[in-house]
Amino acid sequence: MASKVSQGNTFNLSLDTWAVILALLLALLVRADVFRKIPW
Amino acid sequence: MATAIAVSRVESEKTPLNVLTLIPGILLLAVVGYAGKLLEKFLNTYAKVHHWTFPNIEYVLWAILIGLLISNLLTVPKIFQPGIATYEFWLKVGIVLLGSRFVLADMLKLGGISLALVIVEILLSLLLMHALGRAFHLTPKLTSLLAVGSSICGVSAIIAAQGAIDADEEDSTFAISAILALGALALFTFPLIGHSLHLGDTTFGLWAGLGVDNTAEATATGALYSDAAGKVAVLAKTARNAMIGFVVLGYAIYWAKRGQAGAVGNKAAFLWKKFPKFVLGFLAISLLVSFHTFTKDQVTSLGNLSRWAFLLTFAGVGLRTNIRQLSRQGLRPFVVGALGEVLIAALTFGLVLGANRIWGL
């Protein structure tokens, strides 16, 4: 998957870019209190 | 291991990405990682109840060990493989979210020190690996790949360089196997050395970030030592990863001038293409936290999300390491890699101790 994504896909985004998008989306959901408290 | 990885990488590029095929492997990563976390908790509680003196072994080690046992004692069905390969993706998600645990002042201080050490480390590592490659009569392109892999960031750097310098698939496989095998060894030896020398968290974290090649192993090595060391290891490794474009560009130009690789067109576009974008995400989250975009509880939640992403990564590190396949790789590149790694580990250790003296880490 790693290389598949990094080599290009439907949206032609790299693995890194997808990781950044997902992480920022998660941060946005935390900021909007959709995820109130993530336990560890 | 690396052969399998290299082959699966090439094969995977030809087939379209189907998200559904990733689910079984991701679930396996979650089960193995969570089992490691439960085992840590269980052993600590058991030792406390029975008044045992038992060292606190982090979930990181248990997740890697369970993964190693599964991948080496059992045959992991093919259905799990695509999902297991996503451990690299979770690593990058975890690194971006870890940016929440660095405020701008930390980032500028530690990041600046890391960057200065990284530049020295890269220059010395490149010189060292080329000298060793020549001494052991490795092909020049294999030497270039080993040098890129050991000076910057392991597998990603080798794959980036392979295309840029038109290296053989076989050379790339050798270089990847050597770097991964040595990364697996570093995972266990670095923390032992660190504990025996009573290194501080920041010193150890910097050493792991500078001395261990592959990002997943560098992160795991730091986290095995302590949570704080893991944080610093990721920062140092991220600074190292940020240099990937410059070094690969240098090699691409060198081989193109010798007529053994395609010419590099637009250098800025080349640098941007090779630049690891997760570094920008890491900086962005750190900036947002520094400007109080998140409440204290939200910052804790982001840090915990990062830990969950790393949990999947560490399970993947164990699950994709196959000791039998490793031992089948050629000996000479491994010896060159091993010699280089030991020397680089010693060199980076000296650098970190020097930095500790100058900046009082």
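Here are some questions and answers about this predicted model.

User: Which element gives the largest share of the side of chain A that touches chain B?
Analyst: In the contact between the chains, 26 residues of chain A meet 29 residues of chain B. The elements of chain A that give two or more residues to this side are helix H1 (2-7) and H2. The largest share, 13 residues, comes from H2(A).

User: How many nonpolar residues are on the side of chain A that touches chain B?
Analyst: Sorting that side by class gives five polar and four charged residues. The nonpolar class has 17 residues.

User: Is helix H2 of chain A roughly parallel or roughly antiparallel to H15(B)?
Analyst: Helix H2 (residues 15-31) of chain A packs on helix H15 (residues 278-290) of chain B at an angle of about 20°, and their axes are 8 Å apart. Angles under 35 degrees count as roughly parallel. Therefore H2(A) is, relative to H15(B), roughly parallel.

User: What classes do the residues of the contact of H2(A) with H15(B) divide into?
Analyst: From H2(A), the contact uses A:Asp16, A:Ala19, A:Val20, A:Ala23, A:Leu24 and A:Ala27, while H15(B) brings B:Phe278, B:Leu280, B:Gly281 and B:Ile285. Those residues divide into eight nonpolar, one polar and one charged.

User: Which residues of chain A does B:Val96 touch?
Analyst: B:Val96 is one of the residues with the most contacts inside the largest nonpolar core. Leaving out residues up to four places away in sequence, B:Val96 touches B:Phe278, B:Gly281, B:Phe282 and B:Ile285 in chain B. In chain A, B:Val96 touches A:Ala19, A:Val20 and A:Ala23.

User: How many of the eleven residues of helix H10 of chain B are buried?
Analyst: The buried residues of H10(B) include B:Thr202, B:Phe204, B:Trp207 and B:Leu210. Helix H10 (residues 201-211) is largely enclosed by the rest of the structure, because the number of its eleven residues that are buried is ten.

User: Is B:Phe80 buried or exposed?
Analyst: B:Phe80 lies in the loop between helix H3 (59-73) and helix H4 (81-84) of chain B. Not counting residues up to four places away in sequence, B:Phe80 touches B:Pro24, B:Gly25 and B:Leu28. A residue needs 20 or more other C-beta atoms within 10 Å to count as buried. B:Phe80 has 21 such neighbours, so B:Phe80 is buried.

User: And how does B:Leu343 count, by its C-beta atoms within 10 Å?
Analyst: B:Leu343 is found in helix H18 (residues 331-359) of chain B. The cut-offs are 20 or more for buried and 12 or fewer for exposed. B:Leu343 has 17 other C-beta atoms within 10 Å, so B:Leu343 is partly exposed.

User: What is H3(B) relative to H11(B), oblique or roughly parallel?
Analyst: H3(B) and helix H11 (residues 215-225) of chain B pack at an angle of about 130°. Their contact is made by B:Val60, B:Leu61 and B:Ile64 of H3(B) and B:Ala220, B:Ala223 and B:Leu224 of H11(B). The angle therefore makes H3(B), relative to H11(B), oblique.

Technical notes:
Residues numbered from 1 in each chain as written. Chains lettered and ligands numbered in written order. Predicted model: local features only at pLDDT ≥ 70, side-chain atom pairs only at ≥ 80, totals over all residues. Core = buried A, V, L, I, M, F, W, Y, C linked by C-beta atoms within 7 Å. Contact = placed C-beta atoms within 7 Å. Helix = DSSP H or I, 4+ residues; strand = E, 2+ residues; numbered from the N terminus. Axes fitted to C-alpha atoms, helices over the stretch in contact; angles between N-to-C directions. Parallel < 35°, antiparallel > 145°, perpendicular 65-115°, else oblique. Nonpolar A, V, L, I, M, F, W, Y, C, P; charged D, E, K, R; others polar.
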